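Dear colleague,

I am handing over the structure below, and my notes on what was found in it follow. Please read them with the model open beside you.

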Amino acid sequence: MANKLLEFNSDYVVVNYPHTYELLPIVYGILKAGKIYIPVDNTSPLTEIEPIRKKFKDSIYISENASDLAVSKALGMEHRLLDYSENELAYIIHTSGTTGVPKGVCVTKNNLNYILEACQYIAPVSSRDCYLFSTRDTFDVSITEIFGFLYNGGSVCVYSAKNKDFYKEFPDLIEKFGITHVALSPSVLGLLLKLADQEDLRKIDKLKYLLVAGEEFKYELLKLVLKDLKKVNVYNVYGPTETTVYATYFNVRNTPKKLQKVPIGENLPGVKTMLVKDELLIGGKGVSAGYFNNAEQTDQKFEKIDGEVFYHTGDIVEKQDSLLVYRDRKDSQVQIHGIRVELGDIRANISNIIDDPTRDIEVVFYSDSLILFYTGTKISDLRTMLEKHMVSYKIPSKYINVKGFPLTSSGKVDRKKLLSGMKESSISSNDSKKSGIGIYNTVKHIAESVMNQTVGSEENLLDIGLDSLRSVELVLELEKRLNIDLSAFNIYMSPTVDKIASFIENMTTSPASKADKELFRENEIKNIPITRKVEYTYPAFFYARIYNSLGFNSQLTGKIYLGKDSISYEEIYHKLSKVEVFKSVLSEDLNTFKVLDTPVNISKYEVADARIDISKTLSDLVKTSIENGGLLYKFVLLEDENESVLHYSIDHSICDSSSLDALERYILGIYDSSQTYSSYIEEVYSRNHLEEILKEMAKFEQQDDRKVAETFKRLEDRVNFVSLTYLNNDTKNVYAEILLYLRDKLLKKFALNNVKVNLIYNIRKFQEKLDFTTTIGDLHLGLTYSLTTDDDIDEQLTETIAFYQKNMFNPKAVGYKHFPNLNSDEERIVRCFDDTVYVSIDYLGVVSRKEFNTIKQSAIETNTEIKKLNGSKLNITAYIVDNRLELIMSKALD
């Protein structure tokens, strides 16, 4: 990693990477190369990430997509010894700013050495110990997890606390991996202890050290710890990012009873503290170098006293019995699940998003929740609006629309009156008349217990205070109380007590009772008659010409889960009627798509179970429609008592797998519109010309066609399965893994120097701001890649993708434009980019083991259809299943 980073001139490395083990060598490589680590939250919207990137204009950017450095390639390089390069700074972590612009805290290598020595002082590591790396990398505690285990040759287990199964898996992780050192926020620790049974508590108590930081360690939590954990050392550790993670520490078992508060304790070695007008100031080895390019803020918060720099924490602290005890804040900073944020930052961001200067906006932190008060008319879907632009922990839990803001005598907003004016949640008058009353009452009781307030049956829990941590607690309590598995439950689709109860009741309804209620039979579904009035035409893309000429039968079937009453049948109909391909039919000569002024081919039925499988029926209906020159798809909306599900089957000639994602986002309202398929086809043909394609062909004609053809004739036609390891599931990296496998099992085994490979790739954004992300159509691209015995696969693959993307290169579109009547030049193009390409790879993403087993059962039938297009070629279909890369291959290489 350091080797690759040294190829760049910039000192700054912005890391936007998921919480995986690769983060560790990335961070180590950055420091070894003498560069500066700058993490950004991988789950944040771009509006949160871009302001940070703009501060470091020439920085190196590492991410899964659009990365300046290929992580898998760097990690796979042959090792070369390097001396550490010098740089005063180690990392820059951003904290909330009052103006809405994050402040970058510059932490030096001396600061980093300080905190690692301090951690070793309070929680020493041996070669038998194991850290848990679970903290998000934008929170400075993660630094102790990334580096702390290295002392004396310890180990680390990487498992994100944001993983939805974290609270279930945590006790088992401790036992399975021998974890000894864990850092958690008080909120997370409290929830873990509340949900743990005796066996779970036994496992948690096997830890050596629990370092608890990020927010106040409340006395109620202390009681839980003392009751449930008898052996593990539990430390309340305190410190702002500006003083490098931790500055003070205290073993909570030593809390004096008379205090009724858990102290933040005493100074760590190398730390100095003083109280000035009750505010805690911190000096010593952990004090950072200030804020990046922000001298004004640095001068305000960092003060030189008697020749030493002290940081003004803004925390009101007092000393009792020589122990430091936290009391309050002197400014508007608050801590949410261990992450310190400025209320002014959150307010400024929300104001920019709402963008209405006539409204008053105020954000208040109360009872561990962010509450947004605003004036003017009520804004529907305000939470959804904010989620598109803000990181999750900054989004308020409650939204209260008021007529005006009360003011203090000095003219400031009176927050106390705002809070006292909050009305209690209204109770639905028909709560006692609910069906499934037992389940309903259980849900209501647990929701009110978790949220510590009265909840109405139809109130949106997300709008009245249900944050991410409480939602986890709600789901786990429901699972525990009702002895059910809610892994398929989505709180955003069912955010009320009513909808949660309905979801659970539907889960537990017996199949027999549903059968008794069946309202329709599948054979009732029919195609909607079409009208033949043509509005306009556009060229049929070459895929449609080939599929229909060769009788290739391929349809994409699936479902879109819509929840209950989230979108009406009429709205769905209206949206589908605006999509070009859903009004298109193929002309008899296959030259054009004709866009008709015709009804949408969609039907609606009320059923007992909206999730039943009707894919075979829909597929047969589409096949019949195509045979009669009709529309190339069928939609059916099924509605039961609890939800609506939109079922579909769409012919491959107007839709590829990536278009299904665009379709779902369009139906759910994430995309406002869908760009036309004809505009994409027009761009492809305008940018690909016969003469230019012929010139480019020389790059792709290094293969010995005769020798490769003879080799593939000898390979046995037999569907077989291969399982590989992989680094991450990014499409490019998956293809690189498969190409490495083919180099070993095909090229080296059969003494082939060069083999052309067709890679099915989804490129929807091109140069010059051409963006077809929202387009529904068959846009998939077949990249021709020349696999050799000695080229750097990752580098060559990156260059090939960049070439296709930059030029919107699509030689097959030109070669097959007049299929099946090709001229000699078109035949040359087809021969180069298709006929002599004997390997085709299609990566279809992550599926469950159950789904993959179903796919395997139909593999022979699927391969028979693919052979209509690819003849005797080697077709490889790839999936990620249970952290393995699984290949379905049409020929045997053994």
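Glu 683 is partly exposed, with a relative accessible area of 23%, where buried means under 20%, exposed over 50% and partly exposed in between (1.4 Å probe, protein chains only). This is a predicted model, in which local features need pLDDT of at least 70 and side-chain atom pairs count only at pLDDT 80 or more, while totals for chains, interfaces and linings use all residues. Residues are numbered from 1 along each chain as its sequence is written, and side-chain values use heavy atoms, with hydrogens and water left out.

The side chain of Glu 683 meets that of Arg 687 in a salt bridge of 2.8 Å, N to O, the term standing for a side-chain nitrogen of Lys or Arg within 4 Å of a carboxyl oxygen of Asp or Glu. Both residues lie in helix α23 (residues 677-687), four residues apart, or about one turn of the helix; helices (H or I, at least four residues) and strands (E, at least two) are DSSP runs, numbered from the N terminus. Arg 687 is likewise partly exposed, at 28% relative accessibility.

The structure holds 30 salt bridges. One of them joins Glu 535 and Lys 583 at 3.7 Å, N to O; Glu 535 lies in strand β23 (residues 534-539) and Lys 583 in the loop between α20 and β25, so the pair ties together parts that are 48 residues apart in sequence. Lys 583 counts as buried at 19% relative accessibility, whereas Glu 535 is partly exposed at 42%. Glu 175, Glu 199, Arg 202 and Lys 206 are linked in a network of salt bridges.

Helix α29 (residues 824-835) has twelve residues, yet its end C-alpha atoms are only 14 Å apart, short of the 16 Å that a straight helix would reach at 1.5 Å a residue, the expected span being 1.5 Å times one less than the number of residues. The buried residues of α29 are Glu 826, Ile 829, Val 830, Cys 832, Phe 833 and Asp 834. They cover an arc of only 170° around the axis, which puts them on the same side of α29; the arc is that of the directions from the helix axis to the C-beta atoms.

A search of the whole structure finds zero disulfides, a disulfide being a pair of cysteine sulfur atoms within 2.5 Å. The sulfur of Cys 157 is 5.8 Å from the closest cysteine sulfur, in Cys 130, too far for a bond.
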